[in-house]
Amino acid sequence: MKPLLLHLVLATFVFFSSIRDGCAGITSSFVRSDWPSVDIPLNHEAFAVPKGYNAPQQVHITQGDYDGKAVIISWVTPEEPGSNHVQFGTSENKFKATAEGTVSNYTFYKYKSGYIHHCLVEGLEYNTKYYYRIGSGESSREFWFETPPKVGPDAPYKFGIIGDLGQTFNSLSTLEHYIESGAQAVLFVGDLSYADRYEYTDVGLRWDTWGRFVEKSTAYQPWMWSAGNHEIEYMPYMGEVVPFKSYLQRYSTPYLASKSSSPLWYAFRRASAHIIVLSSYSPFVKYTPQWQWLREELKNVDREKTPWLIVLMHVPLYNSNDAHYMEGESMRVVFESWFIEYKVDMIFAGHVHAYERSYRFSNVDYNITSGNRYPVADKSAPVYITVGDGGNQEGLASRFMDPQPEYSAFREASYGHSTLEIKNRTHAIYHWNRNDDGKKVPTDSFVLYNQYWKSFLAVDDLLSDL
C-alpha cells in the first residue's frame with residue numbers, strides 16, 4: 001500500500017473509531033495569558049490613513065459571481081466621491097480594462113460616512129493574477145489578487161476561516177498569522193469590527209478604523225462575509241433602528257448570483273467547494289425567504305463538480321461552552337436534517353469566543369415526546385467547528401461545560417484562526433492555529449474525508465466495518 005493511502009486509512013480508522021466508541025474528546029489544559037482585550041488606540045499605525053488627498057482606503061474584495069470569475073472591489077474615499085472606476089489587467093502597471101462601480105454614503109446618528117464604492121469586475125480568467133488601480137492622480141493606489149482555479153472536483157484550494165475578529169492587539173496577532181498561512185481566501189463567520197460597542201459618532205469611526213486595519217489582507221484576496229450579532233446595530237437611543245445598516249452599506253456579497261433575496265444569505269462555488277452562507281439573525285423557519293432559498297440551493301449542489309459542501313453561520317448549532325449555550329438550537333431543529341440529507345462536510349460558526357471541534361454527531365431523532373434525548377454518532381453528519389476566537393475586546397469564553405459532551409472532540413479557550421486545505425475530491429487537511437502570546441502555534445488538525453466521495457475510496461470496505 002502506498003504511504004499516503006496508508007496514512008489516510010489510519011487517520012480514517014482513528015477518526016471514525018472515536019465516533020463509534022463515543023470516546024470523550026479533549027479539553028485543552030492550555031491557559032491563555034491575560035493580554036488586555038482592549039481596542040488598539042486610534043493613533044496606532046494599524047489604522048494609518050493612506051497618503052494623498054482623498055486617497056482610497058478600507059479596500060476589500062469579495063467574490064462577485066457564482067463560480068469565481070468576478071470580484072467585487074470596494075473602497076472608501078473620505079472627502080469626495082472621486083473616481084468610481086477600477087483599472088485592471090494581468091501585468092503590473094499595465095491596466096488594459098476598466099470597470100465602473102457605484103458610490104453611496106450613509107449617516108448613523110450624526111456620523112456621516114465617506115463615499116463607499118462597490119465595483120463589479122467581471123469576465124476574469126481562472127487561475128490568473130490581476131493587478132488593479134483605484135483612485136486618481138497621485139492619490140491612486142494599486143493592489144493585486146488571484147482568481148481561483150476553474151470549478152472542478154479535484155481543484156485544490158486553501159481557505160482561511162476567521163470569526164469575531166474585532167480590532168485589538170489579539171486581533172492583529174490573528175490577522176498577521178493568517179496572512180502568513182498561505183491561504184487564498186477567507187471564509188468569515190461574522191462579527192467584524194465590534195463598532196457597536198461604541199456610542200454615537202464613534203460607531204462609524206470604528207467601522208472606518210477596522211476597514212483600514214484588515215486592508216493588508218482584504219485588498220489582496222477575497223473575504224467572503226457573513227453577518228453576526230455585532231452587525232445588527234439596533235440602537236434606538238440614537239434613533240438607529242434599521243438592522244445591519246452599516247454592514248450592508250460597506251460589505252457587498254454576490255447574493256443575486258445564487259438567486260437569494262438578501263445579501264445576508266447566499267452561496268457561491270470556488271474551486272472544488274460549494275459554500276453556503278446563512279444568517280443566524282434573519283427569519284429561517286418554514287416558508288420564510290431564507291428557508292425557501294436554502295431548500296432550493298441545496299438542490300443545486302452538484303457533488304460531481306463541487307464535492308466539498310461547506311456551510312457558514314454565526315451561531316453554532318453545537319456548543320459546549322457556557323457562553324451562548326443553546327442559542328443555535330432553533331436553527332438546528334429547522335436545518336439539521338437537511339445538512340445530513342445533503343451530506344454537508346463542515347459547518348463553521350463563530351459567536352462563542354473560543355475554539356471547538358465536534359465529531360460527526362446528529363440529534364435529528366429527538367422530539368418533545370419521544371426519540372433519542374441526546375446527540376448520537378452519525379457518519380452522515382457534518383463536522384461542526386466554532387472559530388469565534390479572532391481576538392475582539394469582549395475577551396475569551398473560558399467556561400466550558402463539565403463533563404465534556406460526547407459530540408465534542410477538542411476545545412480550547414484561546415485566540416486563533418483556521419485553515420482548510422482541499423487536496424482533491426476525497427480529502428482535505430484542517431488546522432487550527434493558536435495565537436500563543438503572539439506566536440502561531442499549530443494546535444488541532446485532522447484529515448477530513450469528503451462526505452460524498454468517501455464511499456468511492458479504496459478504503460470503502462474498512463469504513464463500512466467501523
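Reader: Which residues does Ser139 touch, leaving out those up to four places away in sequence?
Author: Ser139 touches Gly52, Tyr53, Ala55 and Pro56. Contact means heavy atoms within 4.5 Å. This is a predicted model: local features need pLDDT of at least 70, side-chain atom pairs need 80 or more, and totals for chains, interfaces and linings use all residues. Numbering runs from 1 along each chain as its sequence is written, and side-chain values use heavy atoms, without hydrogens and water.

Reader: Which backbone oxygen lies 2.8 Å from a polar atom of the Ser139 side chain?
Author: That of Tyr53.

Reader: Where is Ser139 found?
Author: In the loop between strand 10 (129–134) and strand 11 (141–146). Strands are DSSP runs of E, at least two residues, and helices are runs of H or I, at least four; both are numbered from the N terminus.

Reader: Is Ser139 buried or exposed?
Author: Buried, because its relative accessibility is 10%. Buried means under 20% relative accessible area, exposed over 50%, partly exposed in between, with a 1.4 Å probe and protein chains only.

Reader: Zoom out. How many helices and strands?
Author: Eight helices and 26 strands. The radius of gyration, taken over C-alpha atoms, is 22 Å, close to the 23 Å that the globule rule gives for 466 residues, so the protein is as compact as a globular protein of that length. That rule is 2.2 Å times the number of residues to the power 0.38.

Reader: What share of the 466 residues is buried?
Author: Buried residues make up 59%.

Notes:
A polar contact is a pair of N or O atoms within 3.5 Å; within protein, one must be able to donate a hydrogen and the other to accept it, and residues adjacent in sequence count only if both atoms are side-chain atoms.
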